[in-house]
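Please keep the sequence and the structure in view while reading.

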Amino acid sequence: MQTGFPSPAQGYEDNTIDLNTLLIKHPTATVFMTIDTDRYRKIGIYKDDVLIIDRSLPVKYGDYVVFEQDGEFRIGRTDFIKTEVVITGVIKHVIHTVKGSYI
């Protein structure tokens with residue numbers, strides 16, 4: 001005999017989220033970068049965020065990319081980069097930890 005309501009999670013016990021499958025399409029060409037500055041706050045990238053960068057993708061107009069300039073890595077949008085630079089890869093995802101919201 002069954003009593004009560006079935007669990008809303010019933011049937012989903014084996015469904016898990018695999019972030020590697022979800023976020024990384026080209027594993028051998030994917031690199032991670034941790035941001036150590038607040039310089040990119042205006043575009044929603046904060047200190048201690050982790051970037052997932054795909055080096056295999058063709059760079060398109062308007063992409064956010066990581067590039068080398070004056071011996072350091074920087075972030076920029078391809079339509080705003082004004083000088084010749086070496087592009088490391090296209091930023092596909094930003095992993096951001098929410099801070100200061102404690103219950």
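Asp79 is buried, with a relative accessible area of 18%; buried means under 20% relative accessible area, exposed means over 50%, and partly exposed lies in between (1.4 Å probe, protein chains only). The model is a predicted one, in which local features need pLDDT of at least 70 and side-chain atom pairs count only at pLDDT 80 or more, while totals for chains, interfaces and linings use all residues. Residues are numbered from 1 along each chain as its sequence is written, and side-chain values use heavy atoms, with hydrogens and water left out.

The partner of Asp79 is Arg77, and the two form a salt bridge, that is, a side-chain nitrogen of Lys or Arg within 4 Å of a carboxyl oxygen of Asp or Glu. The closest N and O atoms of Arg77 and Asp79 are 2.7 Å apart. Arg77 itself is partly exposed, at 26% relative accessibility.

How many salt bridges are there by this rule? The count comes to four. One of them joins Arg41 to Asp38, with 3.6 Å between the closest N and O atoms. Here Arg41 is partly exposed at 46%, and Asp38 is partly exposed at 38%.

A further salt bridge links Glu72 and Arg74, whose closest N and O atoms are 3.4 Å apart. Glu72 has a relative accessibility of 32% and counts as partly exposed; Arg74, with 24%, is partly exposed. Which residues are linked in a network of salt bridges? The network consists of Arg39, Glu72 and Arg74.
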